[in-house]
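This report looks at aromatic contacts and at nonpolar surface in the structure shown below.

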Amino acid sequence: MTAYFWDDPIAILYIIIAFLVLDNVWAIYLLLREINVAYKAHKVPTVISPYLPQELYDKMRVYKIHKGWFTIANTLVTAVIMGVLELYLGFYAWLYGVAGQCAVAKWMEHEACVSVIFVLLLSFYLWLKMVPAMIYEKMCITSVQSRAKPSWLMRICQFVFDLIVGTAFTIAVVVALVFMFLALGPYAPLGLYGQTLILTFFILLLIPCVIDPFMGKRVPLESSNLRTQLEQLTRQVGFPMRQVYIIRVHDPNTGSNAFFYGCCCLKRIVIFDTLLLNRGKRDLAELSPEEMGKGLTDSQVTAVVAHELGHWRHGHFYKAIMAFQVHLILTILLFAAFFSHGPIYQAVGFAPGLQPIVVGCLIIFGFVMTPYMTLANFSILSMTRCFEYEADRFAYRLGYAGDLGQALLKLYADNLAFPVSDSCYSSWNHTHPTMLDRLAHLEELRR
């Protein structure tokens, strides 16, 4: 029975379709729970009512319900119905055949070239599939946040730039992937693991040089009451004050935030200027009406930094890296077990003996390994939520529980984050516990 299942393309096809349907049905069920909570939460929670007016809360609630039903409908149509049809009708094998027919020159018949054409055609198809949903979301779902709309010329230039950069990056990745698999043969999954390690290492090195400037401009923290409080805090826990940075973000709509990352001499705490009261500006005339009054007081910002120092003190960065490595190794081992199995390719429409590298990666990572990916995602989210509670406890032990609680309330109101969430939905979708859960946890610590 086992051998029959493993070697039967039809059985494998039905199992892949079942994985796809069950995974999306589970996501829809969780979203229904979240929508149900929003339907019942008519009044703004008492704890956040000083920061969040009932009128604004009602708009956020309507937006969340509308967006939830839209997501469910879009998931049913594009992910479930169209996804099942794509698998059952052999869409990916057909599209790869079309890519092969586009190889009009002899040199284009190489698998790397055909794979590039296939990925570009698939990207265009996926974009077309998303267009109706994007139009509906833009035209029919009223956003709570008012954002300045760029001119049409700026939008077109941005679209062209993204298209060129995205296409160049896609071509480079696909070509490198195909040639690596062809060169390493059965050891290709090991090479994939090595590439991921190298990429992770470079990302850690490039965050200060590339990602920080992309988010905004690094500015010094001027002599002020906030700097004095932060110096006292960092001195107390032994964290170098020179590694605490303020980023004046380019986009004023960027959410108020602060985060810790890095290790050794690369560790740092980054504070967005949107976290500071009135963006830390003395001249309020420079602020837009939407920015007035947003941000935290100095003591509340210090409490947030104390929370981030909790991540550093408890080694959450190292723990996250180790957890990612375990997840990566398990992923590569499962991928290696499935990648060379011919019936999987036959299940999605390929002739016996034809096993394109790029399609294999797409089918295995995108469909075959869905159960593992879903459970791994849940495990990682559970870990990060535990990290948040641990960092909150660290801030509490430093005496910042009250200020941290008030900071959480103000941040949720400033970022227009709906404060009520279903616990089950949050466990499967959120990296952080809900605001109400974190407040309850801080209150328990203070008893």
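## Aromatic pairs and a nonpolar patch

The structure holds 23 aromatic pairs, where rings of Phe, Tyr and Trp (its six-membered ring) pair if their centres lie within 6.5 Å, and planes under 30 degrees apart count as stacked, over 60 as edge-to-face and the rest as tilted. This is a predicted model, in which local features need pLDDT of at least 70 and side-chain atom pairs count only at pLDDT 80 or more, while totals for chains, interfaces and linings use all residues. Residues are numbered from 1 along each chain as its sequence is written, and side-chain values use heavy atoms, with hydrogens and water left out.

F70 and Y136 form a stacked pair, at 5.5 Å centre to centre with 15° between the planes. Because F70 belongs to helix α3 (residues 54–88) and Y136 to helix α5, this pair ties together parts that are 66 residues apart in sequence; helices are DSSP runs (H or I, at least four residues), numbered from the N terminus. Ring pairs also link F91, Y92, W94, Y125 and F367 into a cluster.

The table gives relative accessible areas (buried under 20%, exposed over 50%, partly exposed in between; 1.4 Å probe, protein chains only).

| Residue | Relative accessible area | Class |
|---|---|---|
| F70 | 12% | buried |
| Y136 | 34% | partly exposed |
| W152 | 66% | exposed |

W152 lies in helix α6 and is one of the residues of a nonpolar surface patch with about 1200 Å² of accessible area together. Such patches are made of residues with over 30% relative accessible area and no salt bridge, nonpolar side chains (Val, Leu, Ile, Met, Phe, Trp, Tyr) being joined within 5 Å; a salt bridge is a side-chain nitrogen of Lys or Arg within 4 Å of a carboxyl oxygen of Asp or Glu. Helix α6 gives the most to the nonpolar patch, with six residues.

Definitions and conventions:
Patch = residues over 30% accessible without salt bridge, like charges linked within 9 Å, V, L, I, M, F, W, Y side chains within 5 Å. Areas by Shrake-Rupley, 256 points an atom, 1.4 Å probe, with all protein chains shown as cover. Helix = DSSP H or I, 4+ residues; strand = E, 2+ residues; numbered from the N terminus.
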